[in-house]
Amino acid sequence: MSYTIALAGNPNCGKTTLFNELTGSKQHVGNWPGVTVEKKEGLYRKNKELNILDLPGTYSLSPYSAEELIARDYIVKEKPDVVINIVDATSIERNLYLTLQILETGIKTVVALNMMDEVEQRGDQINFDKLSKSLGVKVIPITAKSRKGLDNLMHEVEEVAKGDIRPTQISVFHGKIPQIIAQVSSVIQEENEQYGNWKALKILENDQQILDSLKEDDQLRVTQIVNQAEKEYQMDLEAEIADQRYQFIANITKASVVKKSTGYTETTSDKLDKVLTNRFAAIPIFAIIMYLLFATTFSESFLFIEGLQSPGVWLAGLAETVWGFLTGLLEGVLVNASPWVFSLVIDGIMGGLGAIVGFIPLVLVLFLLISFLEDCGYMARIAFVMDRIFRKFGLSGRSFIPLLMGFGCSVPAMTATRTLESEKDRKITTIITGFMPCGAKVPIFAMFVSVFFADGNKTLVTYSIYMLSIVVAILISLFLNKVVYKSGASNFIMELPKYRIPMAKTVFIHGYEKIKDFAIKAGTIIFMSTIILWLLSNFNVDSFNGKNAAASDNGSNLAEMDDSFLADIGNVIAPVFKPLGFGEWRPTVGVITGWIAKENVVVTFAQLYDDDVTEEYLETFFQKYTTEELSDFGFEDGVYDFDTAFTIYSEVILFEGQDENAFHTMKDDIKTKAAAYAYMVFNLLCMPCFAAVGAMKRELKTWRLTGFGIFVQMTTAYLVSLMIYQIGNLIGKF
Amino acid sequence: MTLKDLKPGQEGTVISIGEKGPVRRRIMDMGVTPGTQVKVIKVAPLGDPIEINIRGYELSLRKTEASQIEIE
Ligand SMILES: Nc1nc2c(ncn2[C@@H]2O[C@H](COP(=O)(O)OP(=O)(O)O)[C@@H](O)[C@H]2O)c(=O)[nH]1
Ligand SMILES: [Mg+2]
């Protein structure tokens, strides 16, 4: 026999901690159908009959968000065998409010009073037997963090699961309420029987979802009863019910909880908060923490120390070195393989997997840090401090983190949207994070700005692009909020949890799950799309009829990129970009290869404008450098050689915008400054690289929503670039 | 007087909470019901939202929401 045990409780009551302690590391993370909310399941370590499920945190069974609706629907519709209701004993009153509502559903419940260590530390005392009698269910004290009381708890849960111990009915309500409940109950009798009076109660609470689920004539009858009662007794039922629940709670806590000190007492957490959200210090402290978050993940000169790599960069470098070594080994094995097999394995498969490998350390480092901020309670303060600004854009202050991280790399940035509280915010933030000028887009700007804006203020042009990305992100966020999600006035009724020291174990389990999930879900997309583009850029029709092989000196059937299927595709699509000023096949192919990785745009240009990047050109170009400088670039012993020159030219010189005269013939395709600017902006805003699309799919869960996100990005890119080119052209005419 | 009018450090007792609707529901679900003691702890650095202590925990809400909560 197997039993489903659901963990329910307020946010921050210790649910995840308890879940981890009960299930160990064997967890299955999925998602609830159709929403961007994670669903975690696992078997109880000590009894595999018990399947434990972590429900989203909720304050009440009157759902307020997608998360809360899931928790409630699960409890009343799916009906787990037992609900473990975790109660944070340090704010017992608010926590018991949910407990009462769970009990109203009549489901088998065991209450776990968590954080008992803190209760004892304060010197408060709780009489568990009394509390248990008042609630009509077992109440077990635990300290999830140090596993205290867990065996006892699970023993009780097992008894309840196997036995037939229903909660004892308790009478929470008084006055006219029970009578009105009975009236409504009798109308909806057959629909109500399995819930006791739960549905009737929700109808009194004006719960739209429950009302809608009734038969039409029942709906009319119950609304009539409710309206009449409100008029007759001059009361507001909804408010009265909440009030009576809290009255009941006040009475039972008075009887079973002895507080050492009554009224407001300042805890260590409060003192800490006085500093962290202080009027003057809050913003500087916030800025420092954000800098550390960013720098630890992405910085090449960590803590402003020249050449000191941050943990994220160092690990990513290490992963890439190891991957490079493996690739090297494979190259050795494959020397005699046919050119297309060699290219498939090395450029396609190893290249595709390598892209995933390089991102994993960044995702991991950022994730460990974010889990820490989240679990210690600071994340809620970010929302508190930033709310004033972000509410204007229809977002939560917490959106700041993914957007900031987007300046480094949108892959970890998008995975960071998990910390956002509302599903709508998560969707919008994930989509607009794609607009951020990530590190890989910088070479595109550097190259174009140096070639087209050599005579102007290069810094200003680059800066304007950064600003533009922020403005576009804000506008699109507003648009999605108003038009697509039609969200009305937002509000901000949020608990500021106590600061607590997170457990390393919880933080690491988070991090581990995140990269596992990323590697599988995002990895598949990254890998597949890299292979497809490899196929398109290395083959043409003649690859398959022997013409390529006959023409090549080593019998290779591969095609050059400017002769490949990809070039054909570029030719077909190019006219679409005519109104944006770069409707030629080469820039179009650049956009497409940019989806493998944005910096590829530059490398692709070097390959496609090969009339400009000739042997002579490179030789002349590098002549002006001293031996020392050449060696700094990466030439062996500072001696120029053509083979290395191409790589250094495309990946160093162009990336850093050091050749103002690059690509003469490019100016036949992209003729004006306006067109060049439009091209930069298009690459900035259009679909991000496949790795980011993988991360996007990972967060948005469905293909439909991911497709919608890409559609928004592409349309935005097109329209903004169109405007820039057309307006730029007009101005150019004067 | 409403909760919005309290300065940090001041306390009051809730009398009633604004208009029917999901926001009021939420406010009440979070424990802000008639008769409860509230104490304003602080105002966010940018002037909004505010932080209050109620039923032994910290709750933050915006001034527009606070202005719907009648207190004495
Ligand atoms: N002192 C103490 N802290 C705990 C206990 N259980 C969890 N915590 C801490 O409370 C915070 C929130 O816990 P978490 O499991 O993330 O809560 P969730 O939001 O309900 O999943 C974390 O910092 C935990 O380390 C406990 O029994 N005692
Ligand atoms: Mg949690």
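Start at the ligand. In this predicted model, a polar side-chain atom of Asp117(A) sits 2.9 Å from a nitrogen atom of ligand 1. Lys15(A) places a backbone N or O atom 2.8 Å from an oxygen atom of ligand 1. Ala144(A) does likewise with a backbone N or O atom, at 3.0 Å from an oxygen atom of ligand 1. In total, 19 residues are around ligand 1. Which of them come nearest? Asn12(A), Lys15(A), Thr16(A), Thr17(A) and Asp375(A).

Staying in chain A, here is a backbone detail. Arg147(A) is not a glycine, yet its phi is positive, about 60°. Where does Arg147(A) lie? In the loop between β8, residues 138-141, and α6, residues 150-162, of chain A.

Next, the interface. How many residues does each chain bring into contact? Chain B contributes 36 and chain A contributes 40. Together they bury about 3600 Å². Of that area, 54% is on carbon and sulfur atoms.

Now the polar side of it. The rule finds 18 residue pairs in polar contact across the interface of chain B and chain A, both residues at pLDDT 80 or more. Which elements of chain B supply at least two residues each to the side that touches chain A? α1 (22-29), β2 (37-43), β3 (50-54) and β4 (57-61). The largest share comes from α1(B), with eight residues. By class, that side of chain B has 16 nonpolar, seven polar and 13 charged residues.

Charged pairs, then. A search of the whole structure finds 37 salt bridges over all chains. Across the interface of chain B and chain A, the rule finds ten. Take two examples. Arg25(B) and Glu205(A) meet through their side chains at 2.7 Å, N to O. Glu238(A) and Arg24(B) form another salt bridge, at 3.6 Å, N to O. This pair crosses between chains, from helix α12 of chain A, residues 237-256, to helix α1 of chain B. As background, side chains of opposite charge can pair when their charged atoms come close.

Strands of a sheet pair through backbone hydrogen bonds, either parallel or antiparallel. Here six strands form an open sheet, and the pairing is antiparallel. What is the order of the strands? β10(A), β4(B), β3(B), β2(B), β1(B), β5(B). Why is one side of β10 of chain A and of β5 of chain B left without a neighbour in the sheet? Both stand at the edges, each with a single partner strand, so one side of each has no neighbour there. For reference, β5 of chain B covers 69-71.

Look at the join between the chains. β10 of chain A, residues 494-495, pairs with β4(B) in the antiparallel sense, over two bridges. Met494(A) has Ser60(B) as its bridge partner in β4(B).

Further along the sheet, we are inside chain B. Strand β1, residues 11-17, pairs with β2(B), antiparallel again, over three bridges. Gly12(B) has Val38(B) as its bridge partner in β2(B).

Between β2 and β3 of chain B there is a loop, and Pro49(B) is in it. The peptide bond joining Asp48(B) and Pro49(B) is cis, with omega about -5°.

Last stop, back in chain A. Ala446(A) is in helix α21, residues 442-452. What does Ala446(A) contact, leaving aside its neighbours within four places in sequence? Leu654(A), Phe655(A), Glu656(A) and Gly657(A). Now set Ala446(A) against Gly397(A). They are 49 residues apart in sequence. In space, C-alpha to C-alpha, Ala446(A) and Gly397(A) are 31 Å apart.

Methods: Residues are numbered from 1 along each chain as its sequence is written. Chains are lettered from A and ligands numbered from 1 in the order in which they are written. This is a predicted model: local features need pLDDT of at least 70, side-chain atom pairs count only at pLDDT 80 or more; totals for chains, interfaces and linings use all residues. Side-chain values use heavy atoms; hydrogens and water are left out. Contact means heavy atoms within 4.5 Å. Buried area is the accessible area (1.4 Å probe) that two parts lose on being put together, summed over both. A salt bridge is a side-chain nitrogen of Lys or Arg within 4 Å of a carboxyl oxygen of Asp or Glu. A polar contact is a pair of N or O atoms within 3.5 Å; within protein, one must be able to donate a hydrogen and the other to accept it, and residues adjacent in sequence count only if both atoms are side-chain atoms. Helices (H or I, at least four residues) and strands (E, at least two) are DSSP runs, numbered from the N terminus. Ala, Val, Leu, Ile, Met, Phe, Trp, Tyr, Cys and Pro count as nonpolar, Asp, Glu, Lys and Arg as charged, and the others, Gly among them, as polar. Two strands pair if DSSP finds at least two bridges between them. A residue is near a molecule or strand if one of its heavy atoms lies within 4 Å of it.
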